[in-house]
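Welcome! Here are some exercises to work through with the model open beside you. Try each task before reading its solution.

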Amino acid sequence: MELTGAEIFVRCLRDEGVEYVFGYPGGASLHIYDALYKQDAVKHILTRHEQGAAHAADGYARSSGKPGVALVTSGPGVTNTVTGIATAYMDSIPIVVFSGQVATSLIGNDAFQEVDAVGITRPCVKHNFLVKDVKDLAATIKKAFYIATTGRPGPVLVDIPKDVTACKTEYHYPKEIALRSYAPVTKGHSGQIRKAVDLIVQAKRPMVYTGGGVILGEGSKPLTELVRLLGYPCTNTLMGLGGFPATDPLFVGMLGMHGTYEANMAMHECDVLVAIGARFDDRVTGDLAKFCPHARTVHVDIDPASISKNVPVEIPIVGSVAAVLKEMIKLVKDSKTRVDKAALQAWWKQIDEWRSLGCLKYEHSDKVIKPQAVIEKLHELTAGGAFITSDVGQHQMWTAQFYKFDKPRRWINSGGLGTMGFGLPAAIGAQFAHPGETVVCVTGEASIQMCIQELSTCKQYSLPIKIVNLNNRYMGMVRQWQEFFYDRRYSHSYMDALPDFIKLAESYGHVGMQIDKPADVEGALKEALKLKDRLVFMDFITDQTENVYPMIAAGKGQHEMQLSPCHRGATSERELA
Amino acid sequence: MRHIISILLENESGALSRVAGLFSARGYNIESLTVAVTEDPTLSRMTLVTRGSDEIIEQITKQLNKLVDVVKLVDLTEGAHIEREMLLIKVEASNGAREEIKRLADIFRGRIIDVTDTAYTIELTGNGDKLDAFLQALGKSSIIEVVRSGPSAIARGDKGLHL
Ligand SMILES: Cc1ncc(C[n+]2csc(CCOP(=O)(O)OP(=O)(O)O)c2C)c(N)n1
């Protein structure tokens, strides 16, 4: 039987196993919306902005490991998704975005709501397609999912002109697809893995540094096993948190610009660096000239282009982290060389010394709410098991530092692009992927306003997300940089004319709370977490002067961290604005 | 160092802009680029000339390989290869200069392919240096128009770049 392109589209999603499509309708996608209306296998979730749809698909993908799907119309519909697509691209998240397009006969005519969607998104997708013939539709959709989810994952856009969704053809969804120009590797090179293990077991001051690739590649089990087998210290990047259990004594915390003293010092002093699914981002390495000066480096990554991009690598291994780690475990177990226990003990003694500094220490207060204390309490009350999304800024860094992630896919943030506005829609996606689980969005009063309209989506679908707004009345991270590097000229970082967040939440049909006393933090969080079927917006009025420490300023090396003034016994006498 | 990268890519609309976009987005330079369909109509062959340190060239080839439309590529400068470029040039050739220009074209094994009372159009093939030398020999004053194809190149020996 012949089906229309719109019907084929819906059947493809069904056959691909897609549960949810996050989207927003418009002229060019009306045939598709009509086809969606006539079935209930694929559920459409109406967001309030296409950016929200893209981030929700992204949050769904990050929290579940399955591809996220968004559907938008042509023109402004698809341009609104660009931030979401770029966010997914920078963090290698598998999403497939479908955009309506003007009819093929109109393409190139500056038709109403026409944009070159393929052209606009080209630099921020893994791949994209324009489907010009309904006969190609099913195979293209199959390719899109295949490309998005294999190798180094990433977003794929499929642009579908309106007439293609009206034309008819036989439906056939290919079970498998092979592309002559795309063959992602899986297994690593055995010889290289053997060489790497030889080096790893001989290390005197080893360091295991892992990134988002461990999360994306389902590598945290074998990683945890390998690190425990060796007894080596392990650090995670911002994107890698949860890849190794944060409460394990072998974990030395996050590294990089706002990483722990012990993680960054151990990086600086190590003699063998084992990088797994990490990409030596500038926020991690600091000044490249001063990066890991004593280390011989092993790098495991699925993407050959990530290897030796920023830092030269002695033993590169291209392959899926899970497969490579499993092979490494076997080789370590069979290895004749035993780990040098004495050297390792001395190394741990040194690390524990760095650790004893307690670099995340902050000044406690019973007058004003310290943002770090809110996150610590949140961690305690959710027993470290919640799905936590965040926006971008100080609150993001404090969450990364103080919420101890023991499991992968629980920490959902925009690391690469640093997209304010990501947190709430991402929480929507995570909540759909995990109904019944606690999903918390930690945000700031600036970030939350970038996609605040999604509160309406949460109401429509009864999503009981908990929003923790760390409200410091500043774009805190911007203010911090202005304090440190611009002589306290707080240019446009002050958030004036803030809404009453309680009323705002209530007007969307949610529960709003404002908390301004440290003594009330625990009670408020408990009460909110108890409201299992309601979205609760907790507006925490926090210390305006608090900064994120430690900090490696731009151009500094990893060993050149700036510590919190409370380490000098100095109380903060800083004045704002 | 100068590198010549030969690429087989899907003969699809948009493939060229993916390659060009990669170079501009990552700040790599393109000295020249030629592309045309191959004997297999689903494939195009591109010859791309670029410059960069070994690390940059390594990144360029890796990033190119990552493009889904790129089927295969080779850095021809890694082995022996032949490089040719075509020059089409229109020069003033009035009474006094006609003989001299014809002689010059012959020396460089160029061919005059169009003639008017006052001008010659000459076709010349060779590597870039030879074309440069010919232009220099002609002198600026007589040149009306210059079109260069940019190099195409192929490896020496009996092996070819194909699927
Ligand atoms: C879309 C976007 N615009 C601008 C920025 C630059 N930026 C980074 S952090 C930040 C301030 C965030 O303020 P807030 O959400 O209140 O969080 P805080 O730092 O105070 O915790 C800004 C403006 C960004 N990351 N994303």
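A polar contact is a pair of N or O atoms within 3.5 Å; within protein, one of them must be able to donate a hydrogen and the other to accept it. Keep in mind that the model you are looking at is predicted.

**Exercise 1. Describe how chain A and chain B meet.**

Task: Find how many residues each chain brings to the contact, and how much area is buried between chain A and chain B.

Solution: 
- Step 1. Start with the residues: chain A supplies 17 and chain B supplies 20.
- Step 2. Turn to the area, which comes to about 1400 Å² buried between the two chains, with carbon and sulfur atoms giving 46% of it.
- Step 3. Look at the chain A side: A:Arg122, A:Arg180 and A:Ser181 lose the most area to chain B, and together they make up 43% of what that side buries.

**Exercise 2. List the polar links between the chains.**

Task: Count the residue pairs in polar contact and the salt bridges between chain A and chain B.

Solution: 
- Step 1. Counting pairs with both residues at pLDDT 80 or more, nine residue pairs are in polar contact between chain A and chain B.
- Step 2. Sort the chain A residues that touch chain B by class: six are nonpolar, four polar and seven charged.
- Step 3. Now the salt bridges, of which the rule finds two across this interface.
- Step 4. One of them joins B:Lys66 to A:Asp303, and their closest N and O atoms are 2.7 Å apart.

**Exercise 3. Follow A:Asp303 into chain A.**

Solution: 
- Step 1. Seven residues from domain 1 and six residues from domain 2 take part in their contact.
- Step 2. About 600 Å² is buried between these two domains, 60% of it from carbon and sulfur atoms. On the domain 1 side, A:Met90, A:Asp91 and A:Arg152 lose the most area to domain 2, together 59% of what that side buries.
- Step 3. The count between domain 1 and domain 2 of chain A is one salt bridge.

**Exercise 4. Explore the surroundings of the ligand.**

Task: Say which residues come nearest to the ligand, and what share of its area the protein buries.

Solution: 
- Step 1. There are 17 residues around the ligand, and A:Gln394, A:His395, A:Gly418, A:Ser447 and A:Gly476 come nearest.
- Step 2. Check distances from ligand oxygen atoms: one is 2.9 Å from an N or O atom in the side chain of A:His395, and one is 2.7 Å from a polar backbone atom of A:Gly476.
- Step 3. Finish with the area: the ligand taken alone exposes 590 Å², and the protein buries 77% of that.

Technical notes:
Residues numbered from 1 in each chain as written. Chains lettered and ligands numbered in written order. Predicted model: local features only at pLDDT ≥ 70, side-chain atom pairs only at ≥ 80, totals over all residues. Heavy atoms only, no water. Contact = heavy atoms within 4.5 Å. Buried area = accessible area lost by both parts, 1.4 Å probe. Salt bridge = Lys/Arg side-chain N within 4 Å of Asp/Glu carboxyl O. Nonpolar A, V, L, I, M, F, W, Y, C, P; charged D, E, K, R; others polar. Near = heavy atom within 4 Å. Areas by Shrake-Rupley, 256 points an atom, 1.4 Å probe, with all protein chains shown as cover.
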